[in-house]
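Here are a few exercises to work through with the model open beside you. Try each one before reading its solution.

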Amino acid sequence: MTTAVKVMIIGFSFAMLLVSLLIGLWAKRKVKTAKEYFGGTGLFGPVAVGLSSTAAVASAFALVGVPGLLYSTGNAMNFWMLSSAAFAMAYIILGKKIRAMSEIGEVASLGDISDLRFNNNRLIKGLMSVIIFLGCIAYLAAQIKAGSELFNNLLGWSPIVTGFIIFGVLTVYTAISGEVGGLLTQAFQGLVMVVAGIIIIVSFFVITGGFGNVLEVVSKAGTITAGDVSKSFGPDFMNAWGILPKSVAMAWVIIPILGTVGQPQVLTRMYALKDPKDMPKLGLYAGLAHMVVGFFALVVAYGALYLVGIGEIDPLVVADNAIFAYADYLGLYAQLFVYAAVLAAAMSSASMFLTLSGNIIARDLPSAFGKEFKSEEKQMKVAQITIFGIGILSILFSLTSAEMVAILGTFGWGTLMSGTFPVFIIGLLWKGANSKGVTAGLLLSLVLNIASLMGMAWPGALPWYVNVIAISIFATVFISLFTKEDHMNEKLDLVMDL
Amino acid sequence: MDIQGKRTGIIVTIALLWGAISVLGWYEMYMPGLYLGVLLMFLHMVLGVSVNHKVSRKFLIFPLIPWAVVWAVSFYLSNMHANIFTGVMPNFTILGFHPSFSWTIILYWIGGMLTLTWGFMIYKDEWLSSSDWDEFKRKVELIDQGQEGGM
């Protein structure tokens, strides 16, 4: 890559960073109350919320890790990336109930909804907050690492310097403008990902001539070797299941589709929507944006397979470099958008998980321990300092503890599901869910998540988190079933019936 | 369709389905696991779409049942074509894709969007009508006023 190209990529990426900073600073003026700062509650229309939801769900893993997995194991991961209908499903299941909760009490965080549903039960709020915090920190560290390494690979810059420049700016605007700035910058970053996706999808057809040619090359290429690196191809790569155990493909259908409703980045967006009757439009806009991003990941992987198969590029030493190898082959226009899109994906998810973890530390956990702030201003000030502190610590942690970040990387989507399903999905769909059942479900989820982190083995090839989610739901339902129902106030009763 | 009295049964079924899917996954029985997965999602949506314990028949007829059928058929066809062409290049393609994967594109991805997302748009009032929402807010307001009056 020439110096001129590198300068243009840096310029393009930093322009995106600057626009994000300006949006964050502008958004600060819209934040007047703690409810707006922490939750952006009832402030936004379906376009902004839809783009931001897609951007927050599609992390750097979606654009870097997924093409890498498709390149090395075939199509199974496409079930995850083509799960665009999951947004409509999530809103059908829980959209009106989550939004309605913000009409019966002050809702600015997930902990507030837990309080309203389970009569301010501190143990439930505390356990749920700890599990969500674990998932958030795992995601946050992974985004910082991915974003910093992107520029380290490209320019040879120190990851610490890059991390502090990019994620330092992100931490500043997130701390200043809270969830309002977070949501608007994510919407902008989502738009960058969609535009990049459209450009790369069009270029895929120009380069390969279509999917038929990719199928033929991958089916017939055999084994390609360059130096010490070999890549074996075969027709089974291109069937629906790929070459992994098929139970993995099964998990990658159920977990992303049903799991979308249990992701904090989707749940919090349900109460950020101004008019709950716009929820179907939100499902459409988020789904369409996700379709482009999902197909983007697919064509990048197919493009890399095709280029390696016909000998245009060498087999990849690291499968996760598929997106960069493909972009570098396409040339300047693709490089500009691909590098910016990966940065946008990392930044949007990082800001989401930064505000979520800030809210947990500054708002939900203190109240779970009985600490109340005297004024909204004081609470927002504490949150700003907390977000700033978590941001700096996460940058240092993610760039100095590579092994721990890799281990934490297995946390995330499934961990977040296991922390939210007992409280919100079972809790809001069933009046019979009581505090004993939900506490037991959360406690088991926390213990099993940590045990799995420490290497606990599970039967079969199924990803471990499927077992943890199933056990936590099982405990929530059956313990609730055989213990006394909680008292439910009239307003909560109305929400449950809505 | 009235589901009052059936809600607990549906939730218990959901818990049992999670258990069954996990066990099927341990033993690589992925096809029954996928079909049960569709049922699991369907039951969540039935609970989500209900208003005052009533599930709209219209919403069941479209989009919920067609979505479930489209996805179940997608998995069946994907598996059938994967088995037919195991280890060999298929002798035909659909839209250029391996026939097995084409069903993921056509039915799972696009079909999922065209049923669930589109159906949700056109039958949104069956999920939450303006009058349902206004009535909910009015009742909340009445309760708040009652509480203030009682203070």
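**Exercise 1.** Work out how much area is buried between chain B and chain A, and what share of it carbon and sulfur atoms give.

Solution. In this predicted model, the area buried between the two chains comes to about 6800 Å². Carbon and sulfur atoms give 79% of that. Next, count who takes part: 80 residues from chain A and 74 residues from chain B are in the contact.

**Exercise 2.** Find the polar links between chain B and chain A, then look at what chain B brings to the contact.

Solution. Start with charges: there are two salt bridges between the chains. One of them joins Glu103(A) to Lys137(B), with the closest N and O atoms 4.0 Å apart. Then widen the search, and you get 19 residue pairs in polar contact. On the chain B side, helix 4 of chain B gives the largest share, 13 residues. Sort that side by type and you have 42 nonpolar, 25 polar and seven charged residues.

**Exercise 3.** Classify the ring pair Tyr302(A) and Phe101(B) as stacked, edge-to-face or tilted.

Solution. The whole structure has 32 aromatic pairs. For this one, the ring centres are 6.3 Å apart and the planes sit at 40 degrees, so call it tilted. The pair crosses between chains, running from helix 13 of chain A to helix 4 of chain B. Both Tyr302(A) and Phe101(B) are buried. Finally, zoom out: ring pairs link these two into a cluster whose members include Phe295(A), Phe97(B) and Trp109(B).

Definitions and conventions:
Residues are numbered from 1 along each chain as its sequence is written. Chains are lettered from A and ligands numbered from 1 in the order in which they are written. This is a predicted model: local features need pLDDT of at least 70, side-chain atom pairs count only at pLDDT 80 or more; totals for chains, interfaces and linings use all residues. Side-chain values use heavy atoms; hydrogens and water are left out. Contact means heavy atoms within 4.5 Å. Buried area is the accessible area (1.4 Å probe) that two parts lose on being put together, summed over both. A salt bridge is a side-chain nitrogen of Lys or Arg within 4 Å of a carboxyl oxygen of Asp or Glu. A polar contact is a pair of N or O atoms within 3.5 Å; within protein, one must be able to donate a hydrogen and the other to accept it, and residues adjacent in sequence count only if both atoms are side-chain atoms. Helices (H or I, at least four residues) and strands (E, at least two) are DSSP runs, numbered from the N terminus. Ala, Val, Leu, Ile, Met, Phe, Trp, Tyr, Cys and Pro count as nonpolar, Asp, Glu, Lys and Arg as charged, and the others, Gly among them, as polar. Rings of Phe, Tyr and Trp (its six-membered ring) pair if their centres lie within 6.5 Å; planes under 30 degrees apart count as stacked, over 60 as edge-to-face and the rest as tilted. Buried means under 20% relative accessible area, exposed over 50%, partly exposed in between (1.4 Å probe, protein chains only).
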